Amino acid sequence: DVKKFNELIIINHCIYPNFKDTEWLNSSGCATNPGELVNRTLAAGEIVNLSEQIQKLSGFGEEEQQEEIEEIKNC
C-alpha cells in the first residue's frame, strides 16, 4: 500500500513537524493517530513529494540512478 508506506516514511523520518508528538496529536481534535494527522496536515501531493524527498536524502534509489548514468555513458 503506497499511501501507508508514504505515511510511515513521513511519520518516522520527519523531524519538524513531529507527527508522533502526542501533545500535538491530542490537541488536534481531529486525528486519533499519526497517520490521520499526516493526512489532515498535508495535501496528497505534499505527502508524495515529502516522502520522495526523504527517500532521496536517505539514499534510496541512488543505485538505479547510477545504473542509468552508466547506461547513458555506454551509448
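Helices (H or I, at least four residues) and strands (E, at least two) are taken here as DSSP runs, numbered from the N terminus. By this assignment the chain has five helices and zero strands, and when it is read along the sequence the pattern is α-α-α-α-α. The structure is a predicted model, in which local features need pLDDT of at least 70 and side-chain atom pairs count only at pLDDT 80 or more, while totals for chains, interfaces and linings use all residues. Residues are numbered from 1 along each chain as its sequence is written, and side-chain values use heavy atoms, with hydrogens and water left out.

A residue is called buried under 20% relative accessible area, exposed over 50%, and partly exposed in between (1.4 Å probe, protein chains only). Of the 75 residues of the chain, 23% count as buried. Contact is taken to mean heavy atoms within 4.5 Å, and among the contacts in the chain between residues at least 6 apart in sequence, 43% join residues at least 24 apart.

Two packed helices are described by the angle between their axes and the distance between the axes. The axes are lines fitted to C-alpha atoms, for helices over the stretch in contact, and the angles run from 0 to 180 degrees between N-to-C directions. Angles under 35 degrees count as roughly parallel, over 145 as roughly antiparallel, 65 to 115 as roughly perpendicular, and the rest as oblique.

Helix α1 (residues 2-13) packs with helix α4 (residues 44-57) at an angle of about 60°, their axes being 9 Å apart, and the two helices are therefore oblique to each other. Their crossing is left-handed, a term used if the near helix is turned anticlockwise from the far one by less than a right angle, with right-handed used if it is turned clockwise. On the side of α1 the contact is made by Phe5, Asn6, Ile9, Ile10 and His13, and on the side of α4 by Ile47, Val48, Leu50, Ser51, Ile54 and Gln55. These residues of the contact of α1 with α4 divide into seven nonpolar, four polar and no charged, where Ala, Val, Leu, Ile, Met, Phe, Trp, Tyr, Cys and Pro count as nonpolar, Asp, Glu, Lys and Arg as charged, and the others, Gly among them, as polar.

Ser51, which lies in helix α4, counts as buried because its relative accessibility is 1%. Not counting residues up to four places away in sequence, Ser51 touches Asn6, Ile9 and Ile10; Ser51 and Ile10 are 41 residues apart in sequence, yet 6.0 Å apart in space, C-alpha to C-alpha. Gln55, also found in helix α4, has a relative accessibility of 16% and so counts as buried. With residues up to four places away in sequence again not counted, Gln55 touches Phe5, Asn6, Ile9 and Phe60.

Helix α1 also meets α3, and here the axes come within 10 Å and cross at roughly 95°, which makes α1 roughly perpendicular to α3. In this contact Lys3, Glu7, Ile10 and Ile11 in α1 meet Pro34, Gly35, Val38 and Asn39 in α3, and the residues involved divide into four nonpolar, two polar and two charged. Glu7, placed in helix α1, counts as buried because its relative accessibility is 6%. Leaving aside its neighbours within four places in sequence, Glu7 is in contact with Gly35 and Asn39.

Features of the loops were examined as well. Cys30 lies in the loop between α2 (22-28) and α3 (34-41) and, at 37% relative accessibility, counts as partly exposed. Apart from its neighbours within four places in sequence, Cys30 is in contact with Glu36 and Arg40; Cys30 and Arg40 are ten residues apart in sequence and 8.0 Å apart in space, C-alpha to C-alpha. Most residues other than glycine have a negative phi, and most peptide bonds are trans. A cis peptide bond, with omega about 0°, joins Tyr16 and Pro17, and Pro17 lies in the loop between α1 and α2.

Rings of Phe, Tyr and Trp (its six-membered ring) pair if their centres lie within 6.5 Å, and planes under 30 degrees apart count as stacked, over 60 as edge-to-face and the rest as tilted. A search of the whole structure finds one aromatic pair, formed by Phe19 and Trp24, which is tilted, with 5.3 Å from centre to centre and 40° between the planes. Phe19 is buried, with a relative accessible area of 1%, whereas Trp24, at 26% relative accessibility, counts as partly exposed.
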